[in-house]
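Here is a short briefing on charged side chains, for you to read with the model open beside it. Let's look at how they pair up and where they gather.

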Amino acid sequence: MVSTLPSLPHVPGTDPSSCILDAFRTAIAKRLSDRLPQLTLEQAYTGVDYGKKGVDFTVALPRFRLPGKPDELAKQVLADFQPDDFISSISHDKQFLHFQLNNASLIREVLNQIHTLTYDSPSGKPSYGTNTSGAGKKIVIEFSSPNIAKSFHVGHLRSTIIGAFLVNLYKACGWDVTSLNYLGDWGTQFGMIASGFEKYGSQEELSKDAIKHLYNVYVQVSKDAEIDPNVKADAAKWFKRMEDGDESALANWREWREMSVKKYIEEYDRLNVSFDRYTGESEVGKEWQDKALERLEEMGLVSDANGAKLVDLEKWKLGKAVLRKADGTSIYLTRDIGGAIERWEKYQFDKMIYVVASQQDLHLAQFFKMLKLMEFPWADRLEHVNYGMVLGMSTRKGTAVFLDQIIKEASSVMHEQMKRNEEKYSSIEDPETVSREVGITGIKIQDMAAKRINNYTFNWDRMLSFEGDTGPYLQYAHVRLVSMERKNPELVPLPHPSQIDTSSLAESSHARDIAILLGSYPDVVKTALKTHEPSGVVTFAFRLAHAISSAWETLVVKGESDLEKARARLWLYICARDVLGASMRLLSIRPLERM
């Protein structure tokens with residue numbers, strides 16, 4: 001449905017057709033630039049910020065650096081003000097001007113826009129909150145990257161959760177996204193497993209769970225290596241054969257890799273995560289690793305230390321980096337450089353993001369610096385999105401944590417919680433699936449709730465609680481909104497938006513709070529793209545869930561005798577459901593309809 005607001009001049013970078021609050025901000029900017037002629041409309045627009053303490057938008061006058069005192073400037077803006085379709089009031093407080101929007105227009109326009117972009121969007125897919133800022137641009141996002149035959153630890157889980165969010169975020173902003181899982185599928189540990197498999201391997205165990213069995217073999221052979229130095233020497237020989245392309249040494253490795261990837265695909269699917277491509281250290285061609293070394297040697301950056309090759313990055317305070325071991329085998333820095341060059345040749349990206357823990361800050365800085373020293377024009381398109389550590393996470397038995405153990409643990413703890421309410425539990429069609437989804441939501445929300453650089457202590461009890469700001473609470477808020485149509489069958493289907501009278505909502509502070517939050521969602525997405533922080537989206541989802549929770553008692557639908565009021569309220573709740581669901585999907589969470 002088209003906006004019924006009066007037309008306004010266009011401000012570059014704004015799009016009221018996808019974010020209606022842009023129109024309200026433009027109206028405020030127009031008021032400022034009309035009254036303060038030395039300000040252009042664009043300059044005025046940059047000063048319109050979200051308000052604090054119960055006001056919609058605030059302008060700090062000193063930021064414009066205009067001649068005259070703030071009081072005098074404020075008087076000019078306030079002179080003969082008349083409320084209109086956009087602004088209902090302006091108040092002056094010291095150096096600030098506070099603007100309140102017209103309730104009736106705000107609520108009607110926000111709900112219309114959400115409805116139109118969810119059910120009648122040009123793409124045919126729900127698109128409220130999306131934008132086209134990245135149209136025509138390509139990005140490659142590499143994340144998760146577990147090591148085959150080592151445990152999928154919590155660092156990989158963090159990388160997976162943050163990476164999946166970034167994939168969804170860039171897609172929502174119009175980018176062409178390629179997601180890569182760069183597996184640790186090469187290196188001396190495979191020499192260890194190859195030699196250990198002869199002694200401890202079992203085809204039967206391998207076909208049951210390749211990841212776990214290879215890990216067990218690795219643990220056992222590593223214990224042997226502590227006692228017997230020949231074990232490591234034997235492993236090094238195995239890996240050298242693999243690097244030299246010895247087919248008999250590679251055959252087992254290929255089978256292990258294929259079986260591990262198959263198992264990973266299943267497990268990622270349960271996390272609602274998928275990859276466009278599984279790649280790995282093994283796929284990085286030796287050609288580019290050699291070329292990289294040659295180019296750095298030509299530039300006089302490589303030195304020899306007992307047969308190993310080093311690059312001296314001391315003058316950039318990045319220490320010395322090993323590029324090749326004394327026995328001639330590659331290490332992952334060389335493979336990372338080769339991998340980046342091959343990615344550029346394959347994808348010609350505008351940006352490439354590596355989602356890697358902050359413990360690897362130095363490694364990534366060395367890696368990026370070398371590519372710049374090698375004068376690749378695309379080296380400045382690489383970006384490291386880092387994150388802090390998870391402390392104290394193990395299963396309740398305290399064992400090494402694998403991805404499937406994490407998922408099983410979350411599901412079983414959640415299942416126990418749900419069984420406590422027998423009546424609700426008996427009405428759930430598939431309690432196994434529901435408990436798994438709520439458990440996974442708990443894990444993801446605990447991970448994304450704070451700034452990603454912060455370390456956090458993993459807490460099973462807090463994570464799976466329905467009290468406070470947790471994943472289960474968000475799922476419950478969504479389920480409750482979904483149930484509104486089921487509980488009021490006489491009101492559905494609702495008439496066309498143009499036939500719904502929303503004027504009664506304008507009198508409710510609760511409806512207004514929900515509407516302004518819903519209207520801010522496109523801005524939440526744009527901010528997340530600048531910061532790469534999922535926490536902003538999580539905060540938005542909780543604020544929306546709280547605002548809805550506060551409204552249930554006063555904005556009643558069931559039992560409301562005035563049909564117009566009941567319809568308007570139901571429509572508000574349906575729009576809230578659609579936006580809460582969109583924010584959850586952006587966070588890679590599957591919103592539930594019953595629980």
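Which residue forms a salt bridge with D22, and how far apart are the closest N and O atoms? The partner is R25, with 2.6 Å between the closest N and O atoms. A salt bridge here is a side-chain nitrogen of Lys or Arg within 4 Å of a carboxyl oxygen of Asp or Glu. This is a predicted model, in which local features need pLDDT of at least 70 and side-chain atom pairs count only at pLDDT 80 or more, while totals for chains, interfaces and linings use all residues. Residues are numbered from 1 along each chain as its sequence is written, and side-chain values use heavy atoms, with hydrogens and water left out.

**Pairs within a helix**

- A search of the whole structure finds 31 salt bridges.
- D22 and R25 are separated by about one helical turn because they are 3 residues apart in helix α1 (residues 21-35); helices are DSSP runs of H or I with at least four residues, strands are runs of E with at least two, and both are numbered from the N terminus.
- Both D22 and R25 are buried, where buried means under 20% relative accessible area, exposed over 50%, and partly exposed in between (1.4 Å probe, protein chains only).
- In helix α10 (residues 247-270), E267 and K263 are 4 residues apart, so about one helical turn separates them.
- The E267 and K263 side chains meet in a salt bridge at 3.6 Å, N to O, and both residues are buried.
- Salt bridges with shared partners also join D185, R257, R277 and E283 into one network.

**A pair that spans the sequence**

- D56 forms a salt bridge with R512, and their closest N and O atoms are 2.4 Å apart.
- Because D56 lies in the loop between β1 (48-50) and β2 (57-60) and R512 in helix α19 (residues 509-531), the pair ties together parts that are 456 residues apart in sequence.
- D56 counts as buried because its relative accessibility is 6%, and R512 counts as buried at 10%.

**A positive surface patch**

- K424, R480, R486, K487, K558 and R594 form a positive surface patch; patch residues have over 30% relative accessible area and no salt bridge, with like charges joined within 9 Å.
- Helix α18 (residues 471-487) supplies the largest share of the positive patch, 3 residues.
- R594 is found in the segment after α21 (563-586), and R594 counts as partly exposed because its relative accessibility is 47%.

How values were computed:
Patch = residues over 30% accessible without salt bridge, like charges linked within 9 Å, V, L, I, M, F, W, Y side chains within 5 Å. Areas by Shrake-Rupley, 256 points an atom, 1.4 Å probe, with all protein chains shown as cover. Lys, Arg positive; Asp, Glu negative; His and termini not counted. Charge placed at Lys NZ, Arg CZ, Asp CG, Glu CD.
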